[in-house]
Amino acid sequence: MSNARTLPTLAYGEFSRRVHASATSAHRVTNAQLELTYRCNLHCRHCYTDPYNQKDWIAQELSWREIIRLIDDMAEIGILWLNLTGGEVFQHPRFWEIYEHAYRRGFLLQLYTNGTLFTEAIVTRLRSQPPFTIDISCHSVDEASFDWFTQVPGSFRAFRRGLELLRKADLPFTLKTKGMNWNRQELPEIKGFVESFGQPFSITTSLSPRLDGDLSSLSYRMAPPDVARLELDAMGGSPAEEACRAATKLLQQPTNQLYRCGCGTNTIHINARGELGTCTFQYERRYSLKTYSLRDAIERLFGDIRSFHYESDSPCRTCTLQSFCDKKPSEARWECGDPESPIPYNCDVALVRAEVRTQQRLLHPLRTSEHHNLPESASHPKHDRQLAVRTTV
Ligand code: SF4
Ligand code: SF4
């Protein structure tokens, strides 16, 4: 009789939940997003990073050696999930050396790609060392609209070809959709298309200013009532009483912490220039990994982020809709001139979301009696401003 003991197994979802829960409470980093490059073959109209798809920015990217060193540092501090993104990852001239190094270091690898560059050779190579998942944006299934949005003729056909190659190769991929004003009417078709790959339809609606301060990407935002309708669709109609009660509990008295999201807990973001942040859109404090070690930079950054509090009497400070709100401080700086400022669009969306979820009429955070004296930036988003104030240490 064999004495061999079998290792206990755990479903992936439960494993991930347990690791993230313990890492979050211990402020241990388990997830990293690494932007490999600003290069991209597309020029999507909403893209926050496309303005850097230029020679002078590409020249500032981390070298291949610096990226490899960073990957080793990430493995050493116990990061498990590594997301490689861009730009477009397959446009990095040494993508495969980076990918295969990260694969050998044992990360659960997630690739973000626009899906238009897959070839037989690429999928064969990926099959031999498969990523944990490949995330591909799918904002339209209409050829003319897709190509209009990416500003590259032929991109839709390349995208379709890429998906078929992945399907044939049985590689794990996920389609994700950004709901915008121009594709609102097309969402049922996009949903059908995504489901034809046996995947659940997943949609988000928040758009961000471009990293150079250009606000033109925000002109594609979906109208708040449409966001509310999407919320209702996602819930399969009005929520049950118990769900309303749970949502009502979220209307709690907020803390005055500037970062109320997961920033500064278990995730890091490194841009293509090697600046460490807590997420793609956190630019209130960055540490250059050309100056600091990864471990040191994380310690400093997380301490800073957790110490940031509202100091003004911004409506955000006491807002009860914060759990329903997508506001990010750096976006508030770019859009309204101040990281503490409310973003009027986010207020509108938070209100409709909260009303749908709680089934109650609620007060708009910028129109309550105590907020008569709103700062100009709160009531009038300055879409003509070019603000890209950054603090990189
Ligand atoms: S594919 Fe991605 S990185 Fe490239 S332009 Fe579109 S959104 Fe930007
Ligand atoms: S942006 Fe508006 S909804 Fe969001 S926390 Fe600030 S005041 Fe509240």
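**Helix packing and ligand surroundings**

In the contact between two helices, Trp64, Ile67, Ile68 and Ile71 of α3 meet Glu97, Ile98, His101 and Ala102 of α4 (contact: C-beta atoms, placed from the backbone, within 7 Å; helices: DSSP runs of H or I with at least four residues, numbered from the N terminus). The contact residues comprise 6 nonpolar, 1 polar and 1 charged (nonpolar: Ala, Val, Leu, Ile, Met, Phe, Trp, Tyr, Cys and Pro; charged: Asp, Glu, Lys and Arg; polar: the others, Gly among them). The model is predicted: local features need pLDDT of at least 70, side-chain atom pairs count only at pLDDT 80 or more, and totals for chains, interfaces and linings use all residues. Residues are numbered from 1 along each chain as its sequence is written, while chains are lettered from A and ligands numbered from 1 in the order in which they are written.

Helix α3 (residues 64-76) packs on α4 (residues 95-104) at about 15 degrees, the axes being 10 Å apart (axes: lines fitted to C-alpha atoms over the stretch in contact; angles: 0 to 180 degrees between N-to-C directions). The two helices are therefore roughly parallel (angles under 35 degrees).

A second pair is formed by α5 (residues 120-128) and α7 (residues 155-169), which pack at about 35 degrees with axes 10 Å apart. Here Glu120, Val123 and Arg127 of α5 meet Leu165, Leu166 and Ala169 of α7; this contact has 4 nonpolar, no polar and 2 charged residues.

Ligand 1 is surrounded by residues including Cys40, His43, Cys44 and Cys47 (C-beta atom, placed from the backbone, within 6 Å). The shell of ligand 1 holds 4 nonpolar, 5 polar and 2 charged residues. Around ligand 2 there are 13 residues, the closest being Cys316, Cys319, Cys325, Pro342 and Cys347.

Note on methods: Angles under 35 degrees count as roughly parallel, over 145 as roughly antiparallel, 65 to 115 as roughly perpendicular and the rest as oblique.
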